[in-house]
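Here are my notebook entries from a browse through this model.

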Amino acid sequence: MSAASHATGHAGGHAHHGNYLTPKGGFWTTVKDWATTVDHKKIGIMYLFAILFMFFLGGVMALAVRAELWEPVRQEGGQISGQMLYSMFNSEPATSIAEGNNNYNRVFTLHGAIMVFMVIVPSIPASLGNFLLPLMLGAKDVAFPRLNLLSWYIYLFGSFFAVISLVMGGVDTGWTFYTPYSTTTEGYWRVVLMVLGAFILGFSSILTGLNFIVTVHKLRAPGMGWFDMPLFVWAIYSSAIIQVLATPVIGITLLLLIMERVFRIGIFDPALGGDPVLYQHFFWFYSHPVVYVMILPGMGIISDVIAVQSHKRIFGYRAIAFASLGIAAVSFLVWGHHMFTSMSELAAMVFSALTFLVAIPTAVKVFNWIMTLYKGSIAFNTPMVYTLIFLVLFSIGGLTGLPLGTLATDVHLHDSYFVVAHFHYVMMGGTIMALMAGLHHWWPKFFGKMYNEPMAIVGALLVFVGFNITFFTQFFLGSQGMPRRYASYVDEFQFLHQVSTVGSFLLLVGFLVHLGVFIHSLVAGKTAPANPWGGLTLEWLADSPPDEHNFHHEPIVKHGPYDFDAVVPPHWDPADYPLPADVTKPHNVVKAH
Amino acid sequence: MSTLDTRPNQPAANKPVWSRYVHGHHWRTAAEEFDGAKLGFWLFLTTEVLLFAGIFCAYALFRAMYPEAWAEGSGSLDWKWGALNTVVLLVSSYTMAASIYAFQTDQQKRAQINLLITLVAGFAFLAIKFLFEYTPKWSGYFFVLDPALSHYPESGKTALGGLFHFVEGYGGKRPGELFSYPFAESANMPLWWSVYYCGTSLHALHVIIGMILIARVYVKGVKGHYGPTYYTGVEIAGLYWHLVDLIWIFLFPLLYLIH
Amino acid sequence: MAHAHAANPSEFNELDPHGAGGHGQHESHVIVGPFTLRLILAILLFFTATTVGLAQLEIWIAGFFDITLPLWLNIVIAMSIATVKAVLVMAYFMQLRYDNPINTILMGFCIFGVLLFICFTAMDLLTRDRIYDFKEGQVVAGGTFQGNLSRVDVARQEFIERVGEDRYKEIKAAIKHDAHGHGHGDSAVVGSTASKSRPIVGTTDALSTEPAHHDGGHGDGHGNHKAGSGEGHSAGDGH
């Protein structure tokens with residue numbers, strides 16, 4: 001049975017000549033090669049570094065916000081105090097509180113816009129998805145490689161506009177660009193450029209999603225049915241559906257917003273007869289489903305990592321796969337819960353009821369993951385640590401969503417730090433932690449180098465502790481009445497704000513440790529074997545790093561992606577991998593078609 | 001519906017470009033590649049439909065909220081231009097489909113002529129849109145085509161011996177803040193014009209993109225890139241052009257006929 | 001479309017897992033002949049004529065017999081015909097009928113998404129006054145462009161300042177007169193509107209009556225609108 005999976009792979013000690021990272025020649029030749037490559041792996045790696053850079057940029061903004069909140073902005077004897085951000089940008093002391101607050105508004109807007117549009121939305125699909133999806137399917141490339149390169153350049157182009165806007169002074173609209181503020185606030189071109197940037201980034205997202213859907217439909221390896229796909233692929237597929245169906249609506253929204261700002265067409269402006277709540281519907285019809293574009297690929301990573309790192313068949317494969325599709329479907333029905341306080345009572349009731357539906361597929365996933373851990377032979381390495389962190393943080397994020405989805409409590413909690421804490425637990429505690437899990441899990445595959453495990457775990461724990469110190473305090477702040485997006489607050493909140501700020505700098509330390517681990521791995525890491533964790537999905541069949549054409553021969557799939565009880569993983573010696581003794585008749589070893 | 005004659009016995013040197021097409025190395029067969037390209041493009045078309053969904057949504061809701069503005073608005077559009085443009089687009093859709101048929105049966109000349117007709121129809125659509133709809137409404141001036149010559153004695157300017165009259169319309173029927181027409185009945189008329197201009201100009205933009213695609217297909221067609229076994233590019237451009245038609249099929253009654 | 005596999009379906013071919021050999025060239029390259037295409041074009045043109053004709057018929061009936069058809073009839077007929085036309089274009093010109101069914105399913109999802117978007121948004125925006133009446137309508141009709149004036153009011157005032165009250169009324173009366181279908185030969189040029197070919201108000205009762213939630217914050221426009229409606233009807237009767 002193990003021979004089946006070995007048939008097309010090469011031995012672990014295969015000499016690494018001609019992998020995709022091997023330079024094609026001199027420096028400029030290599031640069032040109034990377035700039036014009038249609039190889040999904042190179043595009044994925046370029047995305048990865050761009051996203052990590054943007055994450056750094058957005059993180060700096062976040063730290064600036066937290067630093068500003070160390071003490072409230074207030075007037076003491078004619079002096080304005082507590083305006084750290086203002087003094088960072090200006091040599092003259094502030095003469096009014098509003099001056100400093102404007103800087104604060106810009107910084108948190110940029111933090112949100114960068115993190116959402118340039119980091120979390122493209123993070124997992126564009127980087128890990130691009131790299132891994134064809135490998136996991138046993139394909140040579142994505143369906144439309146040139147389109148893939150185009151979407152990378154569109155991403156750069158869109159980010160370029162956003163960065164121009166940032167350099168010109170940024171925008172203070174909040175990342176949601178709510179009208180009529182966003183169409184009337186100062187900084188005419190800055191807002192237009194930022195919105196244009198987000199609009200262009202949407203195209204990148206659409207093209208990536210479209211590419212993935214066709215790849216999954218058309219380019220699966222021989223023998224790979226729909227239910228032989230790794231769950232990461234299912235998750236990417238589900239989120240690709242959302243990307244394709246939801247992103248165009250943000251396209252038209254932002255287009256109308258630009259028209260509104262440039263020509264004052266008044267569709268969203270009550271001064272001209274328009275309806276600002278219509279804008280909110282337009283915006284959230286995209287931006288709620290896109291929350292699941294952010295989290296679904298993360299869930300896919302967790303499914304894969306949890307099965308491989310506990311060396312156990314995933315519990316409830318089909319349930320998880322269908323839960324992905326279920327989340328994608330439900331995601332289109334619940335956007336109204338972002339605007340409970342601005343919508344009609346009837347609609348709010350309907351949206352509230354529908355919102356709770358999300359809990360069902362999400363809980364199905366979480367329970368299945370926990371059941372997978374149960375009695376598994378768990379490897380406590382960084383991917384697994386991050387997976388556990390994900391489970392904890394995502395559960396807190398999910399459960400704190402319930403009071404926000406309940407109308408009666410939402411009236412008190414909306415637009416407070418409770419909301420801020422909630423979505424940071426889901427976005428950062430969910431997506432970014434999953435990204436970190438996946439990054440460590442597939443790092444050997446990406447670069448052919450192992451990383452320093454103990455240091456990475458130290459980093460992970462620092463991130464975990466720092467994260468909770470930063471954001472758990474914000475639940476208290478929010479439920480006590482601290483509104484979001486304010487630079488000033490009453491003195492009673494100062495202690496919790498300071499705790500939160502300390503936590504955020506602990507997070508910085510954690511991520512710096514990771515940065516060090518990654519750099520160390522690239523420079524001096526041990527050479528990675530083809531299959532360091534004993535995974536069964538097809539990417540482990542390829543070399544580390546993979547050959548330019550992914551596989552030496554087209555793989556033929558004869559077993560499920562998680563049949564750890566029946567199949568010896570590729571590149572492993574059967575002697576080192578005793579299968580469970582009670583497995584007498586392994587199912588799925590040879591698929592009957 | 002019939003199967004293909006791929007004419008396998010032609011000498012290699014004389015073979016046209018299309019018959020030498022090799023599918024991408026990551027696809028198993030050319031047929032799979034064709035299917036994949038179509039699936040990908042249909043996915044893209046869904047995004048286009050959802051892009052216009054924003055316009056349709058704004059239209060539907062503002063119509064429900066301010067019916068009097070919408071009645072007045074559709075009353076101030078001339079259904080004749082709308083109907084003419086509908087016919088132009090439908091005919092161009094037909095010629096586009098016919099050019100695919102011609103390529104499939106290797107009638108290169110016929111395919112090229114059909115593509116050219118499609119392009120001309122695209123220009124005609126845009127010309128009608130800009131000359132007879134946008135310009136008069138936006139500028140506040142409009143010109144009247146008067147075959148009887150000197151039908152309108154009071155018009156300010158004439159051209160071509162009285163065939164065209166330029167008449168002052170007193171103010172631009174423009175979107176939002178740019179609106180300056182003094183005789184609007186409903187207070188929400190600028191909103192109607194916003195939806196009208198956004199919808200039709202976004203559609204016109206798609207017409208232009210479609211025409212660029214068709215022009216490209218035409219040039220490649222002249223070079224012999226398309227034939228019975230390979231015509232993916234034509235198919236894609238055709239699908240896009242039909243989508244443009246589809247959107248107009250809905251925009252026309254919504255804007256011109258429903259009141 | 002029968003997707004006949006070349007091989008026995010029960011035999012799994014390792015190198016051709018999806019049966020690509022079974023439905024290769026022949027299945028995906030469908031030729032829709034010119035007769036079908038022309039027929040479809042003819043049907044589409046016929047439907048275009050029908051939908052235009054029915055819309056004109058409604059106005060004619062309203063003017064000639066003074067029969068007011070319910071407003072929804074116009075919408076339902078126009079949209080049904082548009083839907084039929086769209087289906088024809090998709091099925092034959094875009095060849096969905098002969099294509100891989102996945103593309104049709106995709107379009108189905110897409111249309112569902114559009115309907116969902118519009119319906120759920122409508123569910124909010126159109127039910128604002130269900131519990132609290134004060135949430136209905138606009139605070140100031142047309143918005144507060146300048147002070148309490150909408151853009152339309154401002155445009156009107158600017159025009160009156162430019163040409164004077166009397167001239168304004170003269171032109172307005174002429175536009176109204178022309179708009180109610182008294183030919184174009186004898187009308188004054190001030191009333192002729194190349195972009196206006198049919199009555200702007202007064203076609204149906206539903207149109208000429210002020211909607212309930214229109215609060216009429218701008219006295220001038222409100223009054224004119226009412227007056228215009230009445231005039232429209234008398235003109236229609238006299239014809």
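Entry: Buried takes 20 or more other C-beta atoms within 10 Å of a residue's own, exposed 12 or fewer, partly exposed lies in between, and the C-beta atoms are placed from the backbone.

**Entry: ground rules.** This is a predicted model, where local features need pLDDT of at least 70 and side-chain atom pairs pLDDT 80 or more, while totals for chains, interfaces and linings use all residues. Residues are numbered from 1 along each chain as its sequence is written, with chains lettered from A and ligands numbered from 1 in the order written.

**Entry: A:Val249.** I then asked which residues A:Val249 is in contact with, leaving aside neighbours within four places in sequence. They are A:Phe282, A:Phe285, A:Tyr286, B:Leu50, B:Ala53, B:Gly54 and C:Phe117. Contact here is C-beta atoms, placed from the backbone, within 7 Å.

**Entry: chain A against chain C.** I found 23 residues of chain A in contact with 25 of chain C. On the chain A side, H9 (231–263), H10 (276–309) and H12 (345–355) each supply at least two residues. Helices are DSSP runs (H or I, at least four residues; strands are E, at least two), numbered from the N terminus. That side has 15 nonpolar, six polar and two charged residues. Asp, Glu, Lys and Arg count as charged, the nonpolar class is Ala, Val, Leu, Ile, Met, Phe, Trp, Tyr, Cys and Pro, and the others, Gly among them, are polar.

**Entry: H9(A) and H10(A).** Their axes are 8 Å apart, at an angle of about 165°. That makes the two roughly antiparallel, a label for angles over 145 degrees. Axes are lines fitted to C-alpha atoms over the stretch in contact, and angles run from 0 to 180 degrees between N-to-C directions. The contact of H9(A) with H10(A) has 21 nonpolar, eight polar and one charged residue.

**Entry: H5(A) and H6(A).** The axes of H5 (97–137) and H6 (145–167) of chain A come within 12 Å and cross at roughly 165°, so this pair is roughly antiparallel too. Among the residues that meet are A:Leu110 and A:Pro122 in H5(A), and A:Tyr155 and A:Leu166 in H6(A).

**Entry: chain C.** I counted eight helices and zero strands in chain C, and 33% of its 239 residues are buried.

How values were computed: Two residues are in contact if their C-beta atoms, placed from the backbone, lie within 7 Å. Angles under 35 degrees count as roughly parallel, over 145 as roughly antiparallel, 65 to 115 as roughly perpendicular and the rest as oblique.
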